[in-house]
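Q: I have a protein model open on my screen and would like to learn how to read it. Could you walk me through a few of its features?

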Amino acid sequence: MTSAEEKYPADYTPRVHRAEVLAVTRVGAAMVRVTLGGPDMTDYPTTGVGDEWIRVFFPDAPADPVRLPELEGRGWTYADGIEPSEMRAYTVRAWRPGEIDVDFVVHGNGVATTWATTVDPGGEVGITPPVDAYTRPDTATRQILLCDEPGLPAALRIAEEAPAGMPSVLVCEVRADGYEVAPTRDDVECLWLHGSGNGVAESRLPGVLVGMEITEKDAVWAATETRTSRELRKILRRDKGLARGAATTMGYWIHDSEQWRAAYDALGPDFADKVCAVFDSDRDEDEMIAVVDELYESNGL
């Protein structure tokens with residue numbers, strides 16, 4: 001598998017970029033697009049893959065400067081005495097030389113929602129270089145994209161940037177009628193599941209997937225709530241018999257995350273060590289995920 005670093009220009013040195021807000025645009029009932037650019041973005045790279053994602057470091061207030069960490073291995077570190085900035089992960093909706101678009105799903109009053117809905121041009125954040133997850137098999141002739149609102153920006157980009165002549169089927173859960181954001185291509189078949197998932201109701205995606213006809217020529221990508229993604233993986237492997245590499249499934253967020261974290265912590269350090277041991281093993285990625293899924297599910301997570 002090609003790493004993100006191997007997709008960057010040879011003369012690029014990965015770092016946390018200071019990104020300036022160029023524009024803020026409402027693109028849906030619950031979606032705000034923030035365009036980021038500025039002097040430190042002139043060499044900002046792309047993997048060229050539609051679901052590439054970044055870590056975004058936020059300032060304490062929208063008009064404040066952001067405190068940037070230094071990259072260190074797979075993580076980052078702050079200098080002694082520097083208070084870490086709040087961080088969240090987001091996908092890159094669009095990349096252009098020197099600037100990117102990031103679409104924020106707005107709900108409640110969280111760090112990212114508050115920033116995206118109140119920041120003015122000139123505000124800033126820190127962003128890491130992008131990392132991608134989706135690998136579309138060379139034999140694929142159609143894409144099936146399953147998501148909820150947080151996964152929609154990546155699903156739209158994947159569909160819009162597909163090779164000419166490759167159709168996509170987009171199945172997306174939205175909290176209510178009017179929360180759809182349509183793709184710009186006309187060869188994307190859209191199924192909107194209103195009042196489904198997104199923390200407002202039980203997900204209907206597993207039931208829809210069970211009823212779909214999927215062939216060996218289909219590439220499947222799914223990004224949704226973590227436990228829903230786990231169920232989708234089981235259906236794709238067990239019921240659809242999809243070969244490894246033909247499906248990319250990810251948990252983008254956790255419903256009731258505070259309760260989930262408390263339940264995880266209550267299992268103690270031995271359980272955390274078991275999870276870490278799986279990811280530190282020489283198993284392939286699909287097997288790692290399957291083993292961790294079983295650990296989580298058998299322990300009520």
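**Reading strands and helices**

A: Happy to! This is a predicted model. Let's start with a pair of residues: Cys172 stands opposite Trp192, which belongs to strand S12.

Q: In which sense do S11 and S12 pair, and over how many bridges?

A: Strand S11 and strand S12 (residues 188-194) run in the parallel sense, paired over 7 bridges.

Q: Which strand pairs with S11 over 5 bridges?

A: That is strand S10 (residues 142-147), again in the parallel sense. Look for Leu145, which stands opposite Leu170 of S11. Follow the chain as well: S10, helix H3 (residues 152-160) and S11 form a right-handed β-α-β unit.

Q: Now for helices. At what angle do H6 and H7 pack?

A: Angles of 65 to 115 degrees count as roughly perpendicular. Helix H6 (residues 257-266) and helix H7 (residues 268-279) pack at about 100°, with axes 6 Å apart, so these two helices are roughly perpendicular to each other.

Q: Which residues meet there?

A: From H6 come Tyr264, Asp265 and Ala266, and they meet Gly268, Phe271, Ala272 and Val275 of H7. The residues of this contact divide into 5 nonpolar, 1 polar and 1 charged.

Technical notes:
Residues are numbered from 1 along each chain as its sequence is written. This is a predicted model: local features need pLDDT of at least 70, side-chain atom pairs count only at pLDDT 80 or more; totals for chains, interfaces and linings use all residues. Side-chain values use heavy atoms; hydrogens and water are left out. Axes are lines fitted to C-alpha atoms, for helices over the stretch in contact, and angles run from 0 to 180 degrees between N-to-C directions. Helices (H or I, at least four residues) and strands (E, at least two) are DSSP runs, numbered from the N terminus. Angles under 35 degrees count as roughly parallel, over 145 as roughly antiparallel, 65 to 115 as roughly perpendicular and the rest as oblique. Contact means heavy atoms within 4.5 Å. Ala, Val, Leu, Ile, Met, Phe, Trp, Tyr, Cys and Pro count as nonpolar, Asp, Glu, Lys and Arg as charged, and the others, Gly among them, as polar. Two strands pair if DSSP finds at least two bridges between them. A crossover is right-handed if, with the strands pointing away from the viewer, the path from the first strand over the helix to the second runs clockwise.
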